[in-house]
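User: I have a structure here that I would like to talk through with you. Could you take me through it piece by piece?
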Amino acid sequence: MSEHSSSAKLYWIIWGSLIVLTFVTAGVAYLDLGPFNTIVALTIATCKALLVILFFMHVKDASERLTKVVIISSIFWLLIMLGLSLADFSTRTIGS
Amino acid sequence: MATAAIAPEREDYLNKEYGIRSWLLTVDHKRIALLYLISITLFFFIGGFFALLIRLELLTPAGDLVQADTYNKLFTMHGQVMVFFFLIPSIPAVLGNFLVPIMIGAKDLAFPRINLLSWYLYIAGGALMLYAILSGGVDTGWTFYTPLSTSFSNTHVVTAGLGIFINGFSSILTGLNFVVTIHRMRAPGMTWSRLPLFIWAHYATSIVMLLGTPVIAVTLVLVVLERTLHLGIFDPRLGGDPLLFQHLFWFYSHPAVYIMILPSMGVVSEVMACFTRKRIFGYTFVAMSSIAIAVFGFLVWAHHMFVAGMSMYAALVFSILSYLVAVPSAIKVFNWTATMFKGSISFDTPMLYALGFVGLFTIGGLTGLFLAALGLDVHVTDTYFVVAHFHYVMVGGAVMGYMAGMHFWWPKISGRMYPDSWGRLAALIVFVGFNLTFFPQFVLGYMGMPRRYWDYSHSPEFQVLNVLSTAGATILAVGYLLPMVYFLWSMRYGKPAPANPWGASGLEWMTQSPPTTFNFDETPQVTWEAYDYENIPAPVPEEAFGD
Amino acid sequence: MTDSHAATQHGPELLHHFADEEQQRNSASLGMWLFLGTEIMFFGGMFLAYLVYRLNYFESFAASSRSIAVPLGAINTAVLLCSSLTVVLAVRAAQMGKRKLLIWMLILTLIFGLAFLAIKGVEWHEKYEEHHIPGNFMGRAFDVSDIQRDFPKLHVDPQHAQIFFSLYFALTGIHALHMIVGVGIFLWLIYKAWKGDFGPKYYTPVEIGGLYWHFVDVVWIYLFPLLYLIDRKPL
């Protein structure tokens, strides 16, 4: 972690993108995109999260592989919990 | 070569400092391990006391010892205390804390102060649990199922829930400490493939602690909120789903059983290698199986919910996954057996417990597969078959492993030898008592005796097996009390232990018994593989034991 | 590397059990990342509850979501994003040995954090006024008839709406608790920075305190659309 950090300019650009994406997600919510509203909202949220994680938390250029393993494993475990639970919740009425 | 004569003034971690402050404010991982040892033993006896009352009640078919509500509290408190305040911490907090740094050649864990904090969190959680017990207990079952726990029970659910919540952070921080230590603080030359399997086991256990415990933490928070604010997230009368609670609860509580068994398996690997004078057969398979158990263990939780109202499709998925999780455990059993083949076996106390583990864990594990079969589960779920199954793996498995570890490393921890004949006698009593207690329960369950029932007078034919079970429990209790007696005796009168009484491999046996505060005078440089038994002479019997 | 005046730059307290400073720093970093992993699972439990009920009670969830104000939520999101910027500028200041800039950035972060909590307090007060707090909070019984009146085209089941608000308060409440802890951490960092404890050779607490803060921000990045933007289509 003792490498030179990115110049401040990059941070301001990332910040600006984050603010813009916030307004976009709020605005798009008022449009009728059918089922895509949720997908768009979550996609934008994920982009914002990635920007924070990769650039603000320095995962992109100043982290070792183990850090990335920890992050990906945690997210993967969350998805296991959500996904396998859905095996029950989304199939309750099938065949009953 | 070190002889048995040891100068009494030699400094070690026990005599470095005296006084209660030096213990309560210690950051030495070895002292913290002993603090845990005393605390978990206390909770073991509390949990055991509840078990005794349960078995006394079940001597007769009628509910004549205690009231029905009281009986509900007995099995609840037995479960909560034993699971959360004894089994989950046991090996990691005592043997793990003591040995992990030494085995990898480090001076302490990565975060010694957080280690001490872990113990205080355990004590705080335990104090809340004790308060809940003393003010009347909890009657929801250790599983806290809703809406009984959130809406209907009028017992101390919130206090117990908060106690377990706080205790959970003790677990999380211990796991965090172990992972960082194992990654960052291995001595030069101690590569991953040279690590003792005890370390691999604790690494896998720590992954489970880190990823699973937060889920039960947030679940208990939701239960407390629901109970105090009448929310309705888990209450069907208010639009909630009780199965949501069960999914959240078991998402942790199933992997929790792997927190309980993996460290035991690590102990067994160490003990097996030493008392067969061979390296563990298939080291890589055993190491990878530990990781596999930790990972797969997260995929099977709803096998506790087959008849709870889940969809059939989900039941099918979880049944198949539950069969898969047995595979890495089986791999380990085969590898231990292969280790024994053509080994030079000696039946010291630790080995007796390890052998007991292998047999009893196999029975427990196989009966788990019976339960994973949907059709059979419908017949035996919520009967004593399940009770027998989990006691075979948790007591016949995890506790036997804990006893094996305590007897193996006691000379290192205390600097004293215990009398081996007493150790072997106690192991035998435990084995007999355990089987007599729990094998009849398989039969009872198959015959249809429901679990958590205080009165079985509708089926008086169950009495004979219940009497056998209670008799076994009494014998088992004696078996557990004996080590307390001779371990304490050994601290005063036991022969001083040499550095390596068993002639075992591993860095911990290259330090003095007991170790100094910083474990090593110089950082070890490791150039040998794990379980290098070809190059380690067996101990000469008269030198080793204190008999 | 320029050697700024040593008076503002103390060596790290190398703890006895570490071999060197790099090992200590890498351990702290790994420790914080693992802790953040546990936090993902902690919030994850509530996300599961949210997911299950949103799928099953969509209409009531959508209507209830419409009753919380997007402008306030969006402003709060922006506030947290600004605070993440000041955090990362603080770390950079520490790396470059600029003590005054570091302290200012830490103070700004703190101010943004407190602003977030203040706005959250305003939002919660609004919910209290509107009888949208579940149960019988401080004598105000939960009542969503106003939501049903506002959105006659949506069917608002009071029980399902109560579950939405239960999850709303659980999620934002626990998030706010984490913010409060973050505020405490940054108060401590400001104190240490003012004492001159941080410099190019040692700024680990700033870095890992920053990681924690960013994580709390990421959680909010998801909470905003999930709670405020469930369904804002014109009816």
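User: What does the domain assignment give for chain A?

Analyst: It gives domain 1 (1-63) and domain 2 (64-96), with the bounds coming from an automatic or database domain assignment. Taken over C-alpha atoms, the centres of domain 1 and domain 2 of chain A are 23 Å apart. This is a predicted model, in which local features need pLDDT of at least 70 and side-chain atom pairs count only at pLDDT 80 or more, while totals for chains, interfaces and linings use all residues. Residues are numbered from 1 along each chain as its sequence is written, and chains are lettered from A and ligands numbered from 1 in the order in which they are written.

User: How many helices and strands are there in chain A?

Analyst: Chain A has three helices and zero strands, running α-α-α from the N terminus; helices (H or I, at least four residues) and strands (E, at least two) are DSSP runs, numbered from the N terminus. Its radius of gyration is 18 Å, well over the 12 Å that the globule rule gives for 96 residues, so chain A is more spread out than a compact globule. That radius is taken over C-alpha atoms, and the rule is 2.2 Å times the number of residues to the power 0.38. Along the principal axes, the C-alpha atoms of chain A fill a box of roughly 60 × 35 × 10 Å.

User: And how many residues of chain A are in contact with chain C?

Analyst: 35 residues of chain A are in contact with 38 residues of chain C, where contact requires C-beta atoms, placed from the backbone, to lie within 7 Å. H3(A) gives the most to the side of chain A that touches chain C, with 12 residues. By class, that side has 25 nonpolar, eight polar and two charged residues, counting Ala, Val, Leu, Ile, Met, Phe, Trp, Tyr, Cys and Pro as nonpolar, Asp, Glu, Lys and Arg as charged, and the others, Gly among them, as polar.

User: Which helix gives the largest share of the side of chain B that touches chain C?

Analyst: In that interface, 32 residues of chain B are in contact with 28 residues of chain C, and H8(B) supplies the largest share of the chain B side, 10 residues. The chain B side divides into 22 nonpolar, six polar and four charged residues.

User: Switching to the core, which residues have the most contacts inside the largest one?

Analyst: Those are B:Val271, B:Ala404, C:Ala90 and C:Leu167, in a nonpolar core of 285 residues. Such a core is a set of buried Ala, Val, Leu, Ile, Met, Phe, Trp, Tyr and Cys residues joined through C-beta atoms within 7 Å. Helix H9 (residues 242-276) of chain B gives the most to this core, with 23 residues. As for C:Leu167, leaving aside neighbours within four places in sequence, C:Leu167 is in contact with C:Met46, C:Ala49, C:Tyr50 and C:Tyr53.

User: Last one: where is B:Met305, and what does B:Met305 touch?

Analyst: B:Met305 is in the loop between helix H10 (283-296) and helix H11 (312-340) of chain B. B:Met305 counts as partly exposed because there are 19 C-beta neighbours inside 10 Å; a residue is buried if 20 or more other C-beta atoms lie within 10 Å of its own, exposed if 12 or fewer, and partly exposed in between, with C-beta atoms placed from the backbone. Not counting residues up to four places away in sequence, B:Met305 touches B:Leu243, B:Gln246, B:Trp250 and B:Met310. B:Met305 and B:Leu243 are 62 residues apart in sequence and 8.4 Å apart in space, C-alpha to C-alpha.

Conventions
Two residues are in contact if their C-beta atoms, placed from the backbone, lie within 7 Å.
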